[in-house]
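Please find my notes on this model below, as numbered points.

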Amino acid sequence: MSARGAVFVAIAATIGNFLQGWDNAAISGAIVYIKKDLDLPATVEGLVVAMSLIGATVITTCSGAISDMVGRRPMLIASSVLYFVSGLIMFWSPNVYVLCLARLLDGFGIGLAVTLVPVYISETAPSEIRGALNTLPQFAGSAAMFFAYCMIFGMSLLVSPNWKIMLGVLAIPSFIYFLLMVFFLPESPRWLVSKGKMVQAKKVLQRLRGKEDVSGEMALLVEGLGIGGETSIEEYIIGPDDEPAGGDETMQKDRIRLYGPEAGLSWVARPTTGQSSLALISRQGSLAPQNLPLMDPLVTLFGSVHEKLPEQGSMRSALFPNFGSMFSTGEPDTKQEEQWDDDEESLHREGDNDYVTEDDGGAHSGDDDLHNPLISRQTTSLEKGNMVPPQSYGSVLSMRHPSMQGGEAVSSMGIGGGWQLAWKWSESGEKEGGFKRIYLHEEGGQESRRKSIISDVAGESEFVQASALVSQPALFSKELKDQHPVGPAMVHPAETASKSPIWDALRDPGIKRALMVGIGIQILQQFSGINGVMYYTPQILEKAGVEVLLADLGLGTESASFLISAFTTFLMLPCIAVAMRLMDLSGRRRLLLVTLPVLIVTLVVLVFSELVSLGTVVNAGISTACVIIYFCCFVMAYGPIPNILCSEIFPTRVRGLCIAICCVVYWICDIIVTYTLPVMLTSIGLAGIFGIYAIVCVISWIFVFLKVPETKGMPLEVITEFFSVGARQMDAVGKDE
């Protein structure tokens with residue numbers, strides 16, 4: 001899969017974080033000269049620094065909900081405009097009042113960028129590299145801080161450094177950011193699908209993925225619109241659909257036919273029990289190890305996917321070779337593809353119509369009326385015997401979706417992370433009936449056990465075991481069935497979803513559990529003290545006595561502090577590069593569990609060096625080394641991962657709103673840390689500050705170990721489905737107790 005398009009748009013979007021990093025470093029250096037030039041008291045000095053935080057907090061309260069309404073791209077464009085305008089005003093500001101206004105506008109731009117860039121990258125990136133691309137904002141921010149500190153250091157050597165230039169130069173990269181947002185950045189395909197703009201979403205996906213056939217991912221994006229459905233975990237033994245229709249009823253009675261997102265793609269499955277690690281864990285009641293009663297069952301549930309990955313070799317090639325080549329059971333339907341192109345053209349001629357009604361007789365079945373992407377009637381066995389759907393729903397089954405037929409079956413089947421999207425027709429005895437959506441994941445295991453299972457199922461045929469998340473599909477939900485659709489047209493799930501208040505979705509158990517994880521990790525990250533230390537790095541290093549290390553160079557205290565800050569941020573860059581590599585290999589959870597103990601050790605050593613006098617030079621060396629190690633380890637994991645997690649764990653419909661809630665908490669805690677640090681420096685000193693941070697890092701490690709699941713490589717829609725099924729099972733267990 002080509003991800004070049006997704007990488008390019010991610011790099012363009014992260015310029016917003018580059019500007020945030022630049023501003024953080026610029027104000028931490030410029031405030032030294034602003035205080036002298038404008039003769040500011042300590043309280044006003046803190047206000048100048050905190051105005052951007054106040055602005056970010058205010059704008060974040062509404063940015064998520066607005067982005068869910070108008071899109072991610074317009075909000076990022078607004079962010080670039082705010083950055084540019086604030087840079088010009090800061091360059092001009094004649095007094096502290098105008099400066100505070102400029103800092104407020106700057107905060108608006110920062111708030112929009114910090115909130116929406118991770119969301120945008122998560123919604124556009126392939127799941128296999130989503131973690132690496134979402135680490136780019138951290139890299140861009142640290143690189144910007146390095147360049148800004150270098151600029152400030154150079155200007156500090158002048159006779160009279162100009163703080164207006166330090167702050168106003170922000171307008172130059174802001175203008176470049178604006179141009180890229182307007183002329184290069186596409187809208188998020190997930191947001192487009194949520195609004196029923198299927199033609200546009202398809203074109204954006206084709207551009208991002210570098211291929212024509214994106215049918216599987218399009219179907220996945222639609223399925224991600226559902227919230228609050230009942231989900232069950234099942235187990236199947238799955239193999240190719242090579243049995244002739246109307247075969248031996250004894251062989252067929254316990255088998256289910258599954259359908260892929262393309263016409264002609266189907267396979268057979270036999271329900272089983274006791275083989276899938278995912279299903280086994282879900283049946284264990286509490287889902288948590290008995291010796292760790294406080295561990296969230298979601299952690300165990302997510303871990304079961306990553307701990308038993310499919311083996312490389314026959315098992316993977318048996319069912320999911322290159323994401324679906326074995327299911328290419330028919331040739332592409334060229335005529336249907338041509339008809340699809342004609343339908344798209346007719347849609348464009350008619351205008352931006354989101355939904356197609358029955359009035360056109362089905363003549364224009366384009367993307368925007370979003371038919372069920374399962375199969376056409378000629379490619380199914382639904383009318384051949386044992387799985388005849390109710391007559392009132394027959395028209396839905398026969399609806400074709402040419403855009404999801406033919407083409408690159410090899411690349412369109414997989415939805416990322418070893419997951420596959422499929423559907424089945426429920427048994428007639430089930431209460432709901434209709435289609436069921438299935439997320440399939442192949443299970444690893446011992447070869448001998450696999451062979452014994454296969455021998456019981458189909459002799460020499462290639463069968464593998466898979467876990468399945470089964471729920472009501474967004475394309476055929478209860479709300480749509482109540483409307484008794486007739487003919488080729490169906491109501492898009494986005495239209496049904498829009499009828500209920502968006503805030504009602506926050507009461508869903510899965511979303512509430514995800515909010516607990518997102519808010520919790522944001523609070524702990526901020527109170528580990530990183531942003532407060534960043535803003536006041538020069539002053540902190542000055543108190544630590546770093547000027548002693550550079551005294552022989554003839555540098556003053558302020559210049560020495562700026563140079564050390566530049567050196568510190570420079571060392572962060574290779575650490576973040578390593579984190580980008582590990583984010584999708586080791587995973588988010590493991591990185592946190594490994595780096596947090598390092599943070600604790602460095603903070604404890606800092607406390608020791610402050611309390612015990614080992615000589616001026618020794619103390620200064622220890623303090624500087626610990627601060628550098630602390631920063632480098634922080635940016636590898638605890639810096640980027642909270643935002644990455646928050647952009648992954650919420651459903652498409654409320655992703656903007658939920659991440660805005662998490663970001664509001666982030667900014668409030670940031671303001672508290674920033675305002676209290678100067679007071680704490682004078683009252684309890686660096687030893688007390690670092691002692692508090694060490695305690696928070698210990699609490700953070702415990703929280704991550706017990707509550708934060710691993711999300712690497714999983715499609716966003718599957719992640720939210722896991723939160724839903726885990727939370728509902730836990731609620732059920734709680735009621736039983």
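Which residue just after α2 takes a positive phi? Aspartate 39 does, at about 55 degrees.

1. Basis. This is a predicted model, in which local features need pLDDT of at least 70, side-chain atom pairs count only at pLDDT 80 or more, and totals for chains, interfaces and linings use all residues. Residues are numbered from 1 along each chain as its sequence is written, and side-chain values use heavy atoms, with hydrogens and water left out. Helices (H or I, at least four residues) and strands (E, at least two) are DSSP runs, numbered from the N terminus.

2. Aspartate 39. This residue sits in the loop between α2 (15-38) and α3. Most residues other than glycine have a negative phi. Aspartate 39 has a relative accessible area of 66% and therefore counts as exposed; the cut-offs are under 20% relative accessible area for buried, over 50% for exposed, and partly exposed in between (1.4 Å probe, protein chains only).

3. Helix α2. A kink of about 40 degrees is centred on alanine 30 in α2, where the bend at a residue is the angle between axes fitted to the seven residues ending there and the seven starting there. The helix is mostly covered, with 20 of its 24 residues buried. Asparagine 17 has its place in α2 and is buried, because its relative accessible area is 7%.

4. Asparagine 17 and alanine 140. These two residues are 123 residues apart in sequence, yet their C-alpha atoms are 6.2 Å apart in space.

5. Helix α3. Residues 42-70 form α3, which has 29 residues and reaches 41 Å from its first C-alpha to its last, close to the 42 Å expected at 1.5 Å a residue. The expected span is 1.5 Å times one less than the number of residues. At alanine 50, α3 bends by about 45 degrees. Glycine 71 follows α3 and has a positive phi, near 115 degrees.

6. Helix α7. This helix (residues 136-156) has 21 residues and reaches 30 Å from its first C-alpha to its last, close to the 30 Å expected at 1.5 Å a residue. α7 is mostly covered: 17 of its 21 residues are buried.

7. Helices α11 and α12. The axes of α11 (residues 198-209) and α12 (residues 215-223) come within 10 Å and cross at roughly 125 degrees. Axes are lines fitted to C-alpha atoms, for helices over the stretch in contact, and angles run from 0 to 180 degrees between N-to-C directions. The two helices are therefore oblique to each other; angles under 35 degrees count as roughly parallel, over 145 as roughly antiparallel, 65 to 115 as roughly perpendicular and the rest as oblique. α11 passes α12 in a right-handed crossing. A crossing is right-handed if the near helix is turned clockwise from the far one by less than a right angle, and left-handed if anticlockwise.

8. Strand residues. Glutamate 234 lies in β1 (residues 231-240) and is partly exposed, because its relative accessible area is 25%. The C-alpha atoms of glutamate 234 and alanine 466 are 8.6 Å apart, across 232 residues of sequence. Proline 271 lies in β3 (residues 266-271) and, at a relative accessible area of 43%, is therefore partly exposed. Proline 271 and isoleucine 237 are 34 residues apart along the chain, with 6.5 Å between their C-alpha atoms.

9. Helices α27 and α31. α27 (residues 588-611) packs with α31 (residues 685-707) at an angle of about 160 degrees, with the axes 8 Å apart. The pair is therefore roughly antiparallel. α27 passes α31 in a left-handed crossing. By class, their contact has 21 nonpolar, two polar and two charged residues; Ala, Val, Leu, Ile, Met, Phe, Trp, Tyr, Cys and Pro count as nonpolar, Asp, Glu, Lys and Arg as charged, and the others, Gly among them, as polar.

10. Lysine 712. The loop between α31 and α32 (716-736) holds lysine 712. Is lysine 712 buried or exposed? At 18% relative accessibility, lysine 712 counts as buried.
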